[in-house]
Every structure is written in structure tokens, then in C-alpha cells.
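Here is my note on the model, as numbered points. Please read it with the structure open.

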Amino acid sequence: MTAAVITGLGVVSPAGLDAEAHWAGLLAGRCAIGLLTRFDATGYRSRLAGQVPAFDPADHLPGRLLPQTDHMTRLALLAADAALLDSGVEVAASGGFGVGVVTASSAGGFEFGHRELEKLWSRGPEHVSAYQSFAWFYAVNTGQVSIRHGLRGPSGVLVTEQAGGLDALGQARRHVRSDLPAVVSGGVDGWLCPWGWVAHQASGLLSRHTDPARAYLPFSPDAAGYVPGEGGALFVVESAAHASTRGVRHRYGVVAGYAATFDPPPRSGREPTLRRAIEAALDDAGVAPADVDVVFADAVGLPDPDAVEAAALAGVFGPAGVPVTAPKTVTGRLGAGGAALDVATALLCIRDGVIPPTVNVAAPAPAYRLDLVLAPRVARVRTALVVARGQGGFNSALVLTA
């Protein structure tokens, strides 16, 4: 069975508008969480977010696309452009049918939808954009990326919240193993608008701290919720055979293993299934726990889910048995883009031999028994595990190898 290799990546992150800027921001420990400025959030209990900096879509996209796209989709198009350019894949060689698109989303184009609903109620139905029919939809990033680049292969969208970026890559690997030459895959998400913000407030999971350095502290004794953000990463996933045929020398890594589980209903008395997802992904990759060099944690930032994740990691790897990092403390949790961004970060970690830090956390709670990376750590990284959980019970784990 052919391996699925990643030959291109594109990043849009609160830490930077491309992969190298994002990577430099993580290693410098520059927290990109700050006061939400996309709208006036003074009336909300939570007012911090990770926002993509200095992004003017007119600098990156043709004018015809701007009226029909949400901010989140514009970020996705930027990431897809970068990933395809990075990989050098020849789309035209197959008439486009050899390249598919599988993305993940948790909200669709919330900001676009909010704006059009505002027009509907304040000005009347004749003022609502015709593009509302698709610009809000979960699959809009898949559609716009495929149209922009003429990608006519199998396409789809996964909707599993924070786990979605891993689930999309798992689906991409399945397509590649079924003889599709290449897939653009990953997740870019965002909902930093009043409508999206209200939905997140209702979850009760957001931090209410006003100090960015104290707001999002996963695995800390002071953990009190998470901070949302926007952005993510898209990749070109190819069959190893196709990459070799076209002479690709640079490969970021191999999608070696993937698994997903679903938690039992609350108050059922049954155990969470995150550990089972991790063990199944390692088995799928043919990798032993001792072979894993780093874990990129889901890191919700609340005591109960943090305890579940820490117990799963200690159960698989032993107490403090593997370095664990949560660089999303720099960016916030990005919905379906969060795990995809962790995958990009893990690939750069493999490339450069440096594990990025979990910023702002002074020390993990002793009961968690974690080797939490609190400062950049030089290490030989050949195998990385990325863990993600989506609200509602989704668990996913992805193994990357050099």
C-alpha cells in the first residue's frame, strides 16, 4: 500500500501569515492572543481571541472573489495557494481529475451569514447577497479551493469541530491509498463575529480572563477555559509513488497512522475513548509508544477535559513518558483549523529538530504526570503524534513520521 506523503503546506495563523512566520512566532514564544478587534466585544463576558494579523484580502485574491467569500474562506484560499505552490504539483497534467480537495469546518462562513442576516432585518430581502446561498456553508472552502485551482478529483468536508483537521487528513490518506495522485486537505476556520461569538459564549468553555498571559493555560492548576482563534493549515497529500514519479525530493513527512473514536454519552458511566484513538493510530502506523518523540496535545484548558487527556497520555506512554506540547497557547483554539495547524507545526518540528513551547504555563498540575514542554527544546524528532478532540465527543489521533 502506497504511503501518503505531505509535499506542500500552507499556513494562516495568528502567529503569522505563512508557515515560516508562524514557526518563528512559536519558537519566540510570542503569544498572539489579544483583545478582540474584529467587532466591539465590550458587552461579552469573553473578549480575547487569536486573530490573523494584517490580512488584506485584496493583496492576495482577485477582486471578483471578495464579494462572494467569507473572511474564513479567504484565509483558506491563501493557505491553499501556498500549499500548491510549495508542492509544485502539476494539476493540469491530469485535467484536474488527479487532485481532490477534502477540508474540515466547524462553522462555515459565520461572519458572511451574520452580515447578510443583518441586511435582511435592517434593509429588506432585496439587499441580501445571492452568494449567501453558499458562502456560509460548511463545504464552501472545499468548493472555492477546487474552483480556483481546477481540482476535479474527489472532494468532501468533515464537520467534527477541533478534530476536523485530522479527520480530513485521514480521509485524504484514504483517497491517496485508493490511487488518487494527490489531495489538498486540512482545515481553516474562524467565527470572530457577533453571531459566532454568541454561540461560543453559550458553551461555557471560554476563558473570561482579560490578561492574554493568564487566559488560556492548559494543564495548569489555574486552567479556566480556552481562547478561540482563527486560521489553520492546508496541505498537499500525495501518494509516495506519484511524488517520486514527478521527482519530488522534499517531503515534510508521512501520514503514517490515523484513528478516530467517539465518546459515550455524558453520565453513561462509560470511559472516554481518547486513549483508544491514540492506541489505534499508533497501531495503524506500526509505531510503538516508545518510538514517539513528541505529542501535540489537544489541550482544552479546563480541568476535567485536561485530566482526561493527561490520563490517556500517561496510560499510553507512562507518567511523563513523552514530551508533550500545546503551541496553540500562542494562537488560541482554531476550531477545525486547530489540529491542522498542529500538524503543520509538527512537520516543522520534525524538519528543524525543535519542539515548540507551551507558553504562559508556569508548570503543569502535578497530578497530570506530564513532561510539558515549557521552552523550546532541541530534540531529534522522527515521529510525532497529534491529538484532537471536538465538542460532542469526537476524538482523533494522527501519527506523522519523517
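**Notes on the model**

1. Phe-110, Gly-113, His-114 and Leu-117 of helix 3 meet Pro-194, Trp-195, Gly-196 and Ala-199 of helix 7. Contact means heavy atoms within 4.5 Å. Helices are DSSP runs (H or I, at least four residues), numbered from the N terminus. The residues of this contact comprise five nonpolar, three polar and no charged. Here Ala, Val, Leu, Ile, Met, Phe, Trp, Tyr, Cys and Pro count as nonpolar, Asp, Glu, Lys and Arg as charged, and the others, Gly among them, as polar.

2. This is a predicted model: local features need pLDDT of at least 70, side-chain atom pairs count only at pLDDT 80 or more, and totals for chains, interfaces and linings use all residues. Residues are numbered from 1 along each chain as its sequence is written, and side-chain values use heavy atoms, with hydrogens and water left out.

3. Helix 3 (residues 110-123) and helix 7 (residues 194-203) pack at about 115 degrees, with axes 7 Å apart. Axes are lines fitted to C-alpha atoms, for helices over the stretch in contact; angles run from 0 to 180 degrees between N-to-C directions.

4. Gly-165 sits in helix 6 (residues 164-177). Is Gly-165 buried or exposed? Gly-165 is buried, at 0% relative accessible area. Buried means under 20%, exposed over 50%, partly exposed in between (1.4 Å probe, protein chains only). Beyond residues up to four places away in sequence, Gly-165 touches Ala-104, Gly-186, Ala-336 and Ala-340. Gly-165 and Gly-335 are 170 residues apart in sequence, yet 8.7 Å apart in space, C-alpha to C-alpha.

5. Tyr-138 lies in the loop between helix 4 (132-135) and helix 5 (140-149). Tyr-138 is partly exposed, with a relative accessible area of 33%.

How values were computed. Helices (H or I, at least four residues) and strands (E, at least two) are DSSP runs, numbered from the N terminus.
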